[in-house]
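Please view the sequence and structure below before reading on.

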Amino acid sequence: MKSSQSPSSLLHLLLLLFLIFSISTINAIKHPSSSSSSSSSSSSCKDTEFIRKSCSTTRYPDLCMQCLSTFASTVHHSHRQLANAALSVSSDRAHAVSSFISSTNLPSHQSGAIKDCIETLADSVDRLRSSMKEMSHMGRAGSQAFSWHLSNVQTWVSAALTDENTCLDELPRRAAADEAGFRAAVRKKVVEVAQVTSNALALVNRI
């Protein structure tokens, strides 16, 4: 018995099947499986929790979390990567504060102290950047080379923190009424840089 379907009917059927397949494919692309989304979300939460636990061992945990939570997707569960991210944040902030101070017209009677502060911050930035480079040469954990490079990083970050505290000591503690706002703003920024560097050192020590 011959099929009653005409070529035209078969063509319509094929077009209908193609349309259904196309819609299903588009929906799959727009709405990935819930299991995939759940897995990605779970991984992200674990990475963030790792940073939170690591930051809890620092002296300024809230500031630590604020600065480093955005690195969760790249840090994962690596203490070394987290410490490196902390050093990068510290270096960037120290450089930004130094640039901020340098770009301000300073009263002549304060220029000497402020200049000393800028120089010590510049030293701090150099040491932090050197520490980041040293981290890239650390190699396998537990090896003799690893311990030597880690010791260098710890020494340089400690020196950077000392530079930042020295900058604070060199800032004028008294200022005229029209200069008080600037002095307070600078001191606040330098204090935060020192806190971020303190956190970075604590994370380096956990490697």
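## An enclosed cavity

The model described here is predicted. Its largest cavity is lined by Cys64, Cys67, Leu68, Ala86, Val89, Val196 and Asn199. About 50 Å³ of space lies in this cavity, and a search of the whole structure finds one cavity of 30 Å³ or more. Rolling a probe the size of a water molecule over the atoms shows where empty space is left.

Helices α3, α5 and α8 each supply at least two residues of the lining of the largest cavity. The largest share, three residues, comes from α3. By class, six of the lining residues are nonpolar, one is polar and none is charged.

## Overall fold

The chain has eight helices and zero strands. Its pattern along the sequence is therefore written α-α-α-α-α-α-α-α. Of its 207 residues, 34% count as buried. The chain exposes about 12400 Å², and carbon and sulfur atoms supply 56% of that area.

Among contacts between residues at least 6 apart in sequence, 73% join residues at least 24 apart.

In soluble globular proteins, nonpolar side chains tend to be buried together. In this model, the largest nonpolar core has 29 residues, of which Ile51, Leu68, Leu82, Leu87 and Leu203 touch the most other members. At least two residues of this core come from each of α2 (34–55), α3 (61–68), α4 (72–75), α5 (79–102), α6 (111–135), α7 (144–170) and α8 (180–204). Helix α5 gives the most to this core, with six residues.

A second, separate core has 15 residues, including Ala94, Val97, Cys117 and Val125.

Ile51 lies in helix α2. This residue counts as buried because its relative accessible area is 0%, under the 20% cut-off. Leaving aside its neighbours within four places in sequence, Ile51 is in contact with Met65, Leu68, Ser69, Phe71, Ala72 and Leu82. Ile51 and Phe71 are 20 residues apart along the chain, and their C-alpha atoms are separated by 8.8 Å.

With neighbours within four places in sequence again left aside, Leu203 is in contact with Ser54, Thr58, Cys64, Leu68, Leu82, Ala83 and Ala86. Val204 is found in helix α8 and counts as buried, at 0% relative accessibility. Not counting residues up to four places away in sequence, Val204 touches Ala83, Leu87, Leu150, Val153 and Gln154. The C-alpha atoms of Val204 and Leu82 are separated by 8.5 Å, although these residues are 122 places apart along the chain.

## A positive phi at His76

Most residues other than glycine have a negative phi. His76 has a positive value, with phi near 55 degrees. His76 lies in the loop between α4 and α5. With a relative accessible area of 41%, His76 is partly exposed, because this value falls between the cut-offs of 20% and 50%.

Key: Residues numbered from 1 in each chain as written. Predicted model: local features only at pLDDT ≥ 70, side-chain atom pairs only at ≥ 80, totals over all residues. Heavy atoms only, no water. Core = buried A, V, L, I, M, F, W, Y, C linked by side-chain atoms within 4.5 Å. Buried < 20%, exposed > 50% of the residue type's maximum accessible area, 1.4 Å probe, protein only. Helix = DSSP H or I, 4+ residues; strand = E, 2+ residues; numbered from the N terminus. Contact = heavy atoms within 4.5 Å. 1 Å grid on protein atoms, 1.4 Å probe; cavity = no way out; pocket = protein on both sides within 12 Å on 5 of 7 lines; lining within 4 Å. Points joined across faces, edges and corners; volume = space filled by probe spheres on them. Nonpolar A, V, L, I, M, F, W, Y, C, P; charged D, E, K, R; others polar. Areas by Shrake-Rupley, 256 points an atom, 1.4 Å probe, with all protein chains shown as cover.
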